[in-house]
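Visitor: Could you walk me through this model? I'd like to ask as we go.

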Amino acid sequence: SGFRFTGTSRHITINGSPSAKPYIVDNSYFHTNGGSGSNTMIFPTVNGGLIHHNDFVASTTTSNDVFNILTGEDWSSPATFGNADTNGERNIYFEDNTFTKILETGPDADMGSRVVIRHNTYIDSSIVVHGGRPIDSSPQGGTRQFEIYNNEFRRVTNNVPVNKWIWIRGSSGVIANNTVMRVD
């Protein structure tokens, strides 16, 4: 909580087991120059966390994987949509964050991740969710499930084309009540 991350190194890697207590990343600033791998802002490898009230900013608009989620969790476990995650320990919750200039990777959910993305602001930024079992963009398949609602998507500049706000390829999920700016 309360950190300011800049530079080109990976800022945070989150490891653990699906049965561990939830993690929290909050009220911090994350900056990237773009790139992939070592330039990843946050790299969660386990479900069961809360990422809230953070600013995620790229110095220039990037489509690189700066926020990839690779949990590797088994798809055979039951879904945890809505209030099925009774204690908040099964999904990754993104709440009240601001994403700026991060195309397609705010976040990029893969490999068994369970994401709930709500009450965030996306400025020239977008979300991508990969789905499909057994393979999609990764050997273990894509996102187990997603919920994307009550977010605001803003277009500020036309320097880099944004041809989608939310990109879903397979998986199971819900998208509702988002405010999406029209670009003329």
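Guide: Let me start with a term: buried means under 20% relative accessible area, exposed means over 50%, and partly exposed lies in between, with a 1.4 Å probe and protein chains only. This is a predicted model, in which local features need pLDDT of at least 70 and side-chain atom pairs count only at pLDDT 80 or more, while totals for chains, interfaces and linings use all residues. Residues are numbered from 1 along each chain as its sequence is written, and side-chain values use heavy atoms, with hydrogens and water left out.

Visitor: Okay, D124 then: buried or exposed?

Guide: D124 counts as buried, because its relative accessibility is 4%. D124 lies in the loop between β13 and β14, where strands are DSSP runs of E with at least two residues, numbered from the N terminus. Although D124 is not a glycine, its phi is positive, at about 50 degrees.

Visitor: And what about D96, where is that found?

Guide: D96 is in the loop between β9 (92-95) and β10 (98-102), and this residue, also not a glycine, has a positive phi of about 60 degrees. D96 is partly exposed, with a relative accessible area of 36%.

Visitor: Back to β14, which way do its side chains point?

Guide: In strand β14 (residues 127-130), I127 and V129 point one way and V128 and H130 the other, and all of them are buried. In a regular strand the side chains alternate between the two faces of the sheet.

Visitor: Which strands does β14 pair with?

Guide: Two strands pair if DSSP finds at least two bridges between them. Strand β11 (residues 108-110) pairs with β14 in the parallel sense over 2 bridges, with D108 opposite V128. Strand β17 (residues 166-169) also runs parallel to β14 and is joined to it by 4 bridges, with I127 standing opposite I166.

Visitor: Switching topic, what is the strand order in the open sheet?

Guide: The open sheet has 6 strands in the order β3-β6-β9-β12-β15-β18, with parallel pairing. Its edge strands are β3 (23-26) and β18 (173-176), each of which pairs on one side only. Between β3 and strand β6 (residues 49-52) there are 4 bridges in the parallel sense, and Y23 stands opposite G49.

Visitor: Now the aromatics, how many pairs are there?

Guide: The count comes to 10 aromatic pairs, where rings of Phe, Tyr and Trp (its six-membered ring) pair if their centres lie within 6.5 Å, and planes under 30 degrees apart count as stacked, over 60 as edge-to-face and the rest as tilted. The rings of F67 and F99 have centres 6.2 Å apart and planes at 50 degrees, so this pair is tilted. Because F67 lies in the loop between β7 (55-62) and β8 (68-70) and F99 in strand β10, the pair ties together parts that are 32 residues apart in sequence. F67 is buried at 0% relative accessibility, and F99 is buried with a relative accessible area of 0%.

Visitor: Why is the pair of Y122 and F153 called stacked?

Guide: Their ring centres are 4.9 Å apart and the planes of Y122 and F153 are at 15 degrees, so the pair is stacked. Y122 lies in strand β13 and F153 in strand β16 (residues 152-154), so parts that are 31 residues apart in sequence are tied together.

Visitor: Which residues form the aromatic cluster?

Guide: One aromatic cluster is formed by F3, F5, F30, F56, F67, F94, F99, Y122, F153 and W165.
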